[in-house]
Number of protein chains: 2
Amino acid sequence: MKVTSFTPPVRTLMGPGPSDVPARVLAAMARPTIGHLDPAFVSMMDEIKHLLQYAFQTKNALTIPVSAPGSAGMEACFANLVEPGDKVIVCVNGVFGVRMQENVERGGGVAVTVEDAWGEPVDPDKLEVALRTNRDAKIVAFVHAETSTGVQSDAKTLVEIAHRHGCLTIVDAVTSLGGSPLAVDEWSLDAVYAGSQKCLSCAPGLAPVSFNERAVERIKARKTKVQSWFLDLNLVMGYWGGGKRAYHHTAPINALYGLHEALVMLREEGLENAWARHRRMHLALRAGIEAMGLKFLVREGARLPQLNAVLVPEGVDEAQLRQRLLEEYHLEIGAGLGALAGKIIRIGLMGHSASMKNVMYCLGALESVLGEMRAPVQTGVAMNAAQNAAVLN
Amino acid sequence: MKVTSFTPPVRTLMGPGPSDVPARVLAAMARPTIGHLDPAFVSMMDEIKHLLQYAFQTKNALTIPVSAPGSAGMEACFANLVEPGDKVIVCVNGVFGVRMQENVERGGGVAVTVEDAWGEPVDPDKLEVALRTNRDAKIVAFVHAETSTGVQSDAKTLVEIAHRHGCLTIVDAVTSLGGSPLAVDEWSLDAVYAGSQKCLSCAPGLAPVSFNERAVERIKARKTKVQSWFLDLNLVMGYWGGGKRAYHHTAPINALYGLHEALVMLREEGLENAWARHRRMHLALRAGIEAMGLKFLVREGARLPQLNAVLVPEGVDEAQLRQRLLEEYHLEIGAGLGALAGKIIRIGLMGHSASMKNVMYCLGALESVLGEMRAPVQTGVAMNAAQNAAVLN
């Protein structure tokens, strides 16, 4: 095998993440590598913590990026907060709820699931019932923004219920961070994790997490050691915390340059403005999608602006549709997962990808390919509808 | 706090890693992000596997980069191969042996340590004795190249002993990969892990690992699930393996572009040439160090070319020495760890940092700062000695 330097194709990324990474973030990752204990790097770590606090809307001191992808951020929460034998109520309404359950069980915890249909938000009443019948539960875990279905759950209400029953909460905000309202302190989320490659528009590979005082106390009071040395926050805090930094692992320096730049850009735009932009682009996309006669999986009111699950029209081979979009338009959209495979496509409007240019490009490409596939859709109408919606909203 | 874009200082990295990252690798990381299931990315993954097989000198199919730093590579080996109750012989002669022991115990295994002094290689006779008195041991773990002391152990011999007693082996090659001879297949190493930021001269954040057939069989035959979902190789193989790729986690796309480029560069130079270059630069540095009257921690014959532990001369404040090198020369060298803190400095000659320019720069800066600190060293002689050694070797 003869291998030469790799030049990736230039795609438009409108799947479930990664999203388009802006040139400023790409350039930041190419800056000269320095040491993970260099004073200049340590200052930058402080800035990242500060910027992440802004993005999460929290004052939590333990607000850091885990040096690995979002899945490891999830694992950091469960591995640190769940001890063997602990009962955890896991709300499952998509792929990532299932993964949470796996995390609980692999760590020796007992998972009790509260099930909702994929495409529905988590039902607070079901959680209430589960907590009444499981009075020994210690933690409630749920996904704020289910990337697999495009559904948003009411984090504030779910956390209130959990707290009323004396439980800590672990919240998956992988897809919500930076894309739709998330208020860690105001909603009293105890532990929350996210990913760099969704609405922050950074390259994949980092998992911002935030833990409040109660969660930190729980970690410090563990009777057993965290099973993962790499993710043990007692140790990670020694590196990311204040004062003298102890070597734990070698941080992914250049990836963190990228995250820093992405967060500076978020700050420049303003968090509320970023949320409003995601919302506006969603309304434009929705107008175009509906003008074509296509339908959403999720009912209005529970839809995530940044992840649009659209039902595949009758007779259309979903895999072929995505393949043609990728090959003919260099446009990536997402497939359905699990039971939704083949039934939905997932159109991401995350971070830098949430732009009018992308909305228009995607609608035009969809119309064109679906038209050629003789799908039962209206063509030649979507872009105009989107334009009108953008003007109105 | 007002935060703006981060511009790192340009350092010369001659510590224990990260090493200097060449411009080609930095540029690769700034290429446009694409999706982790994009056919173009999947082809690149195959190339990375192929290039890593070359770097490790193995045909092992399971040869991949773990999506996290070297510490997670270590954890991937232990979490997958050790089941609760398994007895593991851990050879400890530095920081990373201690960390291996932690990994065994956190995973529910029973660690039996074979101790050697920090600065000494692992003693094969002690391992033999330990295996005779622990006939139920299932795994032997040791560090091939101890980054904390600069000592090299005889991997081939240690693995032979382990195999004679029916044990699998886990080998830490974080600092050896690409810098000094490592022959995974010829030496029959069963599981081996490394890091991207040492002799491969890539940015930190990825951990190349390789498992042979016997190790893979052991993983597949586990009675218990791997405690870490993120590091479960049964799942990771579904993404990195051949055939249809199943989504597991979102790979760190841009970091992998960098690793790909670093491996292409290694292939262009040739592995043996890279080893010889590290050796030649070590001999040049050694000549300069010894001309100054300084001494190595490790006896000749057990020294790693890529990590030089030098005893701090009498009366010199080691922290101040490093600080001055960093501030006045933008030169990073490493501190001693654990019991060696304050007693040694660690000079890395890893990957791109193993160049005559760096050797000369480091020697000149050391002479200058040590001279000003009135250390008992000979000055004005090191660079000439290094030059002569380089010509001779």
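Colleague: Where is the place of Ser201(A)?

Modeller: Ser201(A) sits in the loop between β9 (191-193) and β10 (207-211) of chain A. Strands here are DSSP runs of E with at least two residues, helices are runs of H or I with at least four, and both are numbered from the N terminus. This is a predicted model: local features need pLDDT of at least 70, side-chain atom pairs count only at pLDDT 80 or more, and totals for chains, interfaces and linings use all residues. Residues are numbered from 1 along each chain as its sequence is written, while chains are lettered from A and ligands numbered from 1 in the order in which they are written.

Colleague: What is phi of Ser201(A) near?

Modeller: Near 55 degrees for Ser201(A), a positive value in a residue other than glycine. Arg374(A) is not a glycine either, and has a positive phi of about 55 degrees. Arg374(A) lies in the loop between α12 (356-372) and α13 (382-392) of chain A.

Colleague: Is Ser201(A) buried or exposed? And Arg374(A), buried or exposed?

Modeller: Count C-beta atoms, placed from the backbone: a residue is buried if 20 or more others lie within 10 Å of its own, exposed if 12 or fewer, and partly exposed in between. Ser201(A) has 30 others within 10 Å, so it is buried. Arg374(A) has 9 C-beta neighbours inside 10 Å, so it counts as exposed.

Colleague: Which peptide bond is cis, with omega about 5 degrees, in chain A?

Modeller: The one joining Gly17(A) and Pro18(A). Pro18(A) is in the loop between β1 (12-14) and α1 of chain A. In chain B, the bond from Gly17(B) to Pro18(B) is also cis, with omega near 5 degrees.

Colleague: How do I read a strand such as β3(A)? How many of its residues are buried?

Modeller: Take burial, then pairing. Five of the six residues of β3 (residues 87-92) of chain A are buried, so this strand is largely enclosed by the rest of the structure. Two strands pair if DSSP finds at least two bridges between them. β3(A) pairs with β4 (residues 110-115) of chain A in the parallel sense, over six bridges. There, Val92(A) has Glu115(A) as its bridge partner. β3(A) also runs parallel to β5 (residues 137-143) of chain A, joined by four bridges. Lys87(A) stands opposite Ala137(A) of β5(A).

Colleague: Which handedness does the unit of β3(A), α4(A) and β4(A) have?

Modeller: Point the strands away from you: if the path from the first strand over the helix to the second runs clockwise, the crossover is right-handed. β3(A), α4(A) and β4(A) make a right-handed β-α-β unit.

Colleague: Now the two chains. How many residues of chain A are in contact with chain B?

Modeller: Contact means C-beta atoms, placed from the backbone, within 7 Å. By that rule 67 residues of chain A are in contact with 67 residues of chain B. α9(A) gives the largest share of the side of chain A that touches chain B, eight residues. That side divides into 32 nonpolar, 23 polar and twelve charged residues. Nonpolar covers Ala, Val, Leu, Ile, Met, Phe, Trp, Tyr, Cys and Pro; charged covers Asp, Glu, Lys and Arg; the others, Gly among them, are polar.

Notes
Two residues are in contact if their C-beta atoms, placed from the backbone, lie within 7 Å.
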